[in-house]
Amino acid sequence: MRKNFGAKPYTYPQPVLIIASYGEDGTADAMNAAWGGISDDTQISMCLSAGHKTVENILKRKAFTVSMADAAHVTECDYIGVVSANDVPDKLAKAGFHTTKSDFVDAPLIDELPMALECRLVSYDPKSCRMVGEIVNVSADESILDEKGKIDPAKLQPITFDPVNNAYLKISEKVGNAFRDGLKLK
């Protein structure tokens, strides 16, 4: 038997995305968001309300980065989600994060988070809060690469948001082979 929950934003997994931008004065800022994902080969879509300082920055600079939150930085990533840069302008520094300017877009990379999408703003609809970014580059620290030079999720240890229990979960265990295991049923 199933239990009905009604209309809720419940999906698994929900990546924990850390969106970073520069303010008008060049100060790096970031926010935590779970409602987002790939929407085309070179696009990411996210639901970000207009009241966020990060969104304001992105609309002015037309660029942002999206880092994957990881298990090693759960506390820091949660902190930048519960504190607003409108109130704490140096919240990245208070979280212990450092930044480096992207070589591809006018936005900061968070040094401690080893994987990021570097994006140009495509569109933003303040009514639906949908922001779309063009992925210009994906960068990954060598520490999370395997022997073939590919991103290793076990080394990255990305986290996902559990909206039912307000928890962060670590994901990294391989359970199958995409585009291959299902062929057994053909």
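Q: Which residue in E5 stands opposite aspartate 40?
A: Glutamine 43 in E5 stands opposite aspartate 40. Strands (E, at least two residues) and helices (H or I, at least four) are DSSP runs, numbered from the N terminus.

Q: And what should I know about the model and the numbering?
A: This is a predicted model, where local features need pLDDT of at least 70 and side-chain atom pairs count only at pLDDT 80 or more, while totals for chains, interfaces and linings use all residues. Residues are numbered from 1 along each chain as its sequence is written, and side-chain values use heavy atoms, with hydrogens and water left out.

Q: Ok, back to E5. How many bridges join E4 to E5?
A: Four bridges join E4 to E5 (residues 43-47), and the two run antiparallel. Two strands count as paired if DSSP finds at least two bridges between them.

Q: What links E4 to E5?
A: A hairpin, through two residues.

Q: What's the strand order in the open sheet of seven strands?
A: The order is E3-E2-E6-E9-E10-E5-E4, with antiparallel pairing. The edge strands are E3 (28-33) and E4 (36-40), each of which pairs on one side only. From one strand to the next the twist averages 35 degrees. As for angles here, axes are lines fitted to C-alpha atoms, for helices over the stretch in contact, and angles run from 0 to 180 degrees between N-to-C directions.

Q: Is E2 enclosed or exposed?
A: E2 is largely enclosed by the rest of the structure, because six of its six residues are buried. Buried is under 20% relative accessible area, exposed is over 50%, and partly exposed is in between (1.4 Å probe, protein chains only).

Q: Which residues sit on which side of E2?
A: Leu17, Ile19 and Ser21 are on one side, with Ile18, Ala20 and Tyr22 on the other, and all of them are buried. As a rule, side chains in a regular strand alternate between the two faces of the sheet.

Q: What does E2 pair with?
A: Six bridges join E2 to E3, and four join E2 to E6. Both pairings are antiparallel. Serine 21 has aspartate 29 in E3 as its bridge partner, and isoleucine 19 stands opposite valine 66 in E6.

Q: Which residue takes a positive phi in the hairpin of E2 and E3?
A: Glycine 26, with a phi near 90 degrees; that hairpin has five residues between the strands.

Q: How about E6 and E9, how many bridges there?
A: Five, in the antiparallel sense, between E6 (residues 63-68) and E9 (residues 115-125). Phenylalanine 64 has cysteine 119 in E9 as its bridge partner.

Q: New topic: which strands does helix H1 lie across?
A: H1 (residues 53-61) lies across E2 (17-22), E3, E6, E9 and E10 (130-140), running at about 55 degrees to E2. Helix H2 (residues 74-82) lies across E2 and E3, at about 95 degrees to E3. Contact here is heavy atoms within 4.5 Å.

Q: What's the order in the open sheet of three strands?
A: E1-E11-E12, with antiparallel pairing. E1 (14-15) and E12 (167-170) stand at the edges with a single partner strand each, so one side of each has no neighbour in the sheet. E11 (residues 159-162) and E12 pair over four bridges, and phenylalanine 161 stands opposite tyrosine 168 in E12.

Q: Now the whole thing. How many helices and strands?
A: Four helices and twelve strands. The radius of gyration is 17 Å, close to the 16 Å that the globule rule gives for 186 residues, so the protein is as compact as a globular protein of that length. That radius is taken over C-alpha atoms, and the rule is 2.2 Å times the number of residues to the power 0.38.

Q: What share of the residues is buried?
A: Buried residues make up 39% of the 186.

Q: Last one: what does the UniProt annotation cover?
A: The unreviewed UniProt entry annotates "domain: Flavin reductase like" over residues 11-145. UniProt positions are in the numbering used here, feature names are shortened, and annotations may be inferred rather than shown by experiment. Over residues 11-145 the chain is 16% helix and 43% strand, with the end C-alpha atoms 28 Å apart.
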